[in-house]
Amino acid sequence: MRYTHSVEKTPVVETFRILDDGRLMLISTAYQSYGVGLPSLPEEGKLTVAGGWLVLENLHREYKDIRLRVGPEAGVSVEVASKSYPIYQWYPAGSLVVVRKDFKK
């Protein structure tokens, strides 16, 4: 999932793995400046800096689904198998979107 952080106004890339039971596991987060709500604690994973990005890997946060509000400011898109789905363009600003394994427009 890619989006622009609401406070920092910088890009964020979150990588998830789909577990056998359909839950989503956040396995890494990459961002260009630290912002509220972004994982950063050393006990959560391994933090490195590369190419101007802070990358926190080896995360294990599990979610049944991801609930978010969409809008042009955040520009949320979901990428699956190198294909990008700009969900912020599919729904009116402020809409609640639930992302899960069987997500459909």
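Reader: Why is Phe16 called partly exposed?

Author: Phe16 has a relative accessible area of 23%, and because buried means under 20% and exposed over 50%, with partly exposed in between (1.4 Å probe, protein chains only), Phe16 falls into the partly exposed class. This is a predicted model, in which local features need pLDDT of at least 70 and side-chain atom pairs count only at pLDDT 80 or more, whereas totals for chains, interfaces and linings use all residues. Residues are numbered from 1 along each chain as its sequence is written, and side-chain values use heavy atoms, with hydrogens and water left out.

Reader: How many aromatic pairs does a search of the whole structure find, and what makes Phe16 and Tyr63 one of them?

Author: The search finds two aromatic pairs. The rings of Phe16 and Tyr63 lie 6.3 Å apart, centre to centre, with 70° between their planes; since rings of Phe, Tyr and Trp (its six-membered ring) pair if their centres lie within 6.5 Å, and planes under 30 degrees apart count as stacked, over 60 as edge-to-face and the rest as tilted, this pair is edge-to-face. Phe16 belongs to strand β2 and Tyr63 to strand β5, so the contact ties together parts that are 47 residues apart in sequence. Tyr63, at a relative accessible area of 28%, is also partly exposed.

Reader: What is the geometry of the rings of Tyr85 and Trp90?

Author: Their centres are 6.2 Å apart and their planes stand at 75°, so this pair, too, is edge-to-face. Tyr85 is partly exposed at 28% relative accessibility, and Trp90 is partly exposed with a relative accessible area of 25%.

Reader: How do you know that Glu14 has no salt bridge?

Author: A salt bridge needs a side-chain nitrogen of Lys or Arg within 4 Å of a carboxyl oxygen of Asp or Glu, and for buried Glu14 the nearest side chain of opposite charge, that of Arg61, is 6.6 Å away. Lys and Arg count as positive, Asp and Glu as negative, while His and the chain ends are not counted. The side chain of Glu14, a residue of strand β2, does make a polar contact (N or O atoms within 3.5 Å, one able to donate a hydrogen and the other to accept it; sequence neighbours count only through side-chain atoms on both sides) with the side chain of Tyr3, at 3.1 Å. Tyr3 has Val12 of β2 as its bridge partner.

Reader: Why do β1 and β4 count as edge strands of the sheet?

Author: Five strands form an open, antiparallel sheet in the order β1-β2-β3-β5-β4, where strands are DSSP runs of E with at least two residues, numbered from the N terminus. β1 (2–4) and β4 (46–50) each have a single partner strand, so one side of each is left without a neighbour in the sheet.

Reader: What makes β2 and β3 a pair within that sheet?

Author: Two strands pair if DSSP finds at least two bridges between them, and seven bridges join antiparallel β2 and β3, with Thr15 bridged to Ser28 and Arg17 standing opposite Met25. The two strands form a hairpin with five residues between them, and Gly22 in its turn has a positive phi of about 95°. β3 (residues 24–31) also pairs with β5 (residues 53–63) over seven bridges in the antiparallel sense, and eight of the eight residues of β3 are buried.

Note on methods:
Helix = DSSP H or I, 4+ residues; strand = E, 2+ residues; numbered from the N terminus.
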